[in-house]
Each structure stands twice: as C-alpha cells, then as structure tokens.
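Hi,

Here is the structure I promised to pass on.

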2 protein chains.
Amino acid sequence: MPEHNPAVFFEVFNEIGIIEQLSRAILEARLPDGLIAPHFTVLNHLCRVEDGRTPVDMARAFQVPKTSMTHTLKGLEAHGLVELRPNPEDGRSKRVWLTQAGRDLRSQTISALGTEFARLAADFDTDRLLAIRPVLTDLRIMMDAARDP
Amino acid sequence: MPEHNPAVFFEVFNEIGIIEQLSRAILEARLPDGLIAPHFTVLNHLCRVEDGRTPVDMARAFQVPKTSMTHTLKGLEAHGLVELRPNPEDGRSKRVWLTQAGRDLRSQTISALGTEFARLAADFDTDRLLAIRPVLTDLRIMMDAARDP
DNA sequence: GATGTATAGTTCGAAATCGTACAAAGTGGG
DNA sequence: CCCACTTTGTACGATTTCGAACTATACATC
C-alpha cells in the first residue's frame, strides 16, 4: 500500500527549493548585467511557446502578479530584447514581440549554460535526471491543477 | 554511454523552478501574516539541525547574503520566534536561539502542511516522490560542491 | 605587543516583488 | 444606448533582496 507520508512532500520541496536557488545563481551569472532570471524566463517562454502573447497571459503562465510582469517587461524593453505593441484585437491589452537581440541573447545564454551544465554532467549520471523529469512534470501539473479555483 | 545532453538539465531546472514557486505559495498561505517562506525556512533549519547557530552560518547554509539573513532574523525576532544573544566564544558574532513560540509555530505549520499535502498525495503516487528524492539530494549536493571556490 | 588582514554583523541605497487602487477598454442585460 | 461588471495594464507604496561600505572583534605575523 502506498504510504502517504506528508514528510516526503516536505523533503522533496526542501531539496527543490535549494536546487532552484543554486540553478538560478548559475543562470544569473551567465546573464548580461542588469538582467536576472525572470527576464530570461520570459525570453525563453516567448521563444519556446510563441511570440505576441499579452502580458497577462504570461503573468498567468508564470504565476506572478501582473504588476511584476509589467516590471520585468519594462526591463526587457529597456534592453531592446522585446517590443510591446498595442493589440489590434483588444484596445486594453498589448502584445509582446521578441527582437532579434532578444532571440540572440536567449540562444547565447542557452549555449553558455550548455557548457556549464556539461561540466556538471561529467560528475552526474544523466540517466537519473532523465528518470526524474517526468515525475517532476507530473508533480508540477498536479500542483498547478490543484490551485485552480 | 550516458548522453550528456545539457537540455536535460535545462528542463529539469525549469520544472524545479515552477514547483518551487507553487510550493512556496502553499507554504506562505499557511503562515501567519507578516511571515514568509524565508522565515519558516530559518525556523525549520534551527529545529532540524541545531539551535545556537550564528547568522553567518545560516546565511551560508541557505546561500543568501548575510544582509538578507540579518533582515530575516530581525523579522523573526520581532515576532518573538527567535532570540539573538551574543556569542560568548566570539565577540563579533551572535547566536540564534529558538523560543517556544518559534518551535510551536514550526510544528503547527508542518501539521497544517501535512493535511494540505495529504490532499495532494491522494492524487499522486508517493512512491514516485520517494524515488526522486535521493536523486534531488545528490543533485543538490553536487551543485553545492561545484560552487565552492 | 603592534600592525595588517580576515571575519561577523549592521547600515544604507538600489532594485525586485507584490498588493491596492486606478483609468481605459471590453462585455452583457435591460 | 446605458448601465453594471469584468478585464488589461499601470502608478504607487510597502516589503524583500542584495551589494557596497562601515564598525567591531579576532587572528596572524612580526
């Protein structure tokens, strides 16, 4: 029978919190001055998913208040990495478009992280990462759904 | 041969980042007003590891600047959850001691989270969490060590 | 013991995060 | 059309995070 011990969740979340902090430090060390993790997360999202999203869409996607998204986008715009244009289909909202500089920075950063992670991977069995990824994904989906109302 | 694809790291860190955000939201929703995740993390650390640590020790343990630790401890002290006393062995430093209220709050919060997580666990196979925990721990230890110099 | 260096903690200012309140634009019922 | 209600984005203030500079204490080398 499966043991539903809450402590297991607690310990997993504890480790996840520390790993998040360490990986964020690695990422931010590779970003140009003035840019931090949230900026890159937005760039990455726009590249992977789709250009032309509205700020509110992205705020919801990242579970952050829309005021935080406004702030992050303002920073990206100031660095010429995204453009905000009015939404022709809705006078209230805007659409966020990547600039070429934005795409380039995202690519360069991922490359830099690739070599950094390759150094780490030398000391770590990547198969174990492959194994936990689907569990993390399911956990994330489950928590996301449990938070809907 | 193990495939050292950097993308695997990237994806794992991505999921971890989202899960961290969601779990933090769950935690902070259960904390009394004015207390946030870092406060609880410190309380938990002092309970689990040991009382009487110095602020710098804890700043290093959590990978945060010591100024942030000063701020967090000030908040905990204002709520009567910890006490800071001078370190008799070192005139520069202080030692952080839990109050009974601090221990109680930690226990109560963990209990509350227990029922919350039990609800989640109903929809999730805890064996999978048990399986990924050692991998996360090893990953955390590896990253921690890789960051030493 | 004197002096230079390192460490612990705080103060201060800048940037980030986020809740509240607001203006502008959309939506739906009468 | 008019009204209430919702949604989008922003301005503002409070709190958090964090780097730089500072004080006080410890240590080490002479």
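The residues of the surface near DNA strand C divide into six nonpolar, ten polar and five charged. (Ala, Val, Leu, Ile, Met, Phe, Trp, Tyr, Cys and Pro count as nonpolar, Asp, Glu, Lys and Arg as charged, and the others, Gly among them, as polar; a residue is near a strand if its C-beta atom, placed from the backbone, lies within 6 Å of it.)

Before going further, a word on what you are looking at: this is a predicted model, where local features need pLDDT of at least 70, side-chain atom pairs count only at pLDDT 80 or more, and totals for chains, interfaces and linings use all residues. Residues are numbered from 1 along each chain as its sequence is written, while chains are lettered from A and ligands numbered from 1 in the order in which they are written.

At least two residues each come from α4 (66–78) of chain A and from α3 (55–62) and α4 (66–78) of chain B; α4(A) gives the most, with five. (Helices, H or I with at least four residues, and strands, E with at least two, are DSSP runs numbered from the N terminus.)

By class, the surface near DNA strand D has six nonpolar, ten polar and five charged residues.

Next, the protein itself. Chain A has six helices and two strands, in the order α-α-α-α-β-β-α-α along the sequence. Its C-alpha trace spans about 55 × 40 × 20 Å along the principal axes. The mean pLDDT of chain A (the predictor's confidence in each residue, from 0 to 100) is 89, and 94% of its residues reach 70 or more. Confidence in chain A is lowest in α1(A), at a mean of 87, and highest in strand β2 (residues 94–98), at 97.

How do the two chains meet? 47 residues of chain A are in contact with 47 residues of chain B, where contact means that the C-beta atoms, placed from the backbone, lie within 7 Å. On the chain A side, α1 (6–30), α5 (100–121) and α6 (126–145) each give two or more residues, and α1(A) has the largest share, 16 residues. That side divides into 26 nonpolar, nine polar and twelve charged residues.

A rotation of 180° with 0.0 Å of shift along its axis puts chain A on chain B, with an RMSD of 0.1 Å (least squares on the C-alpha atoms of residues with pLDDT of at least 70 in both). The two copies are therefore related as by a two-fold rotation axis. Both copies use the same surface, as 100% of the contact residues of chain A recur in chain B.

Cheers

How values were computed: Contact = placed C-beta atoms within 7 Å.
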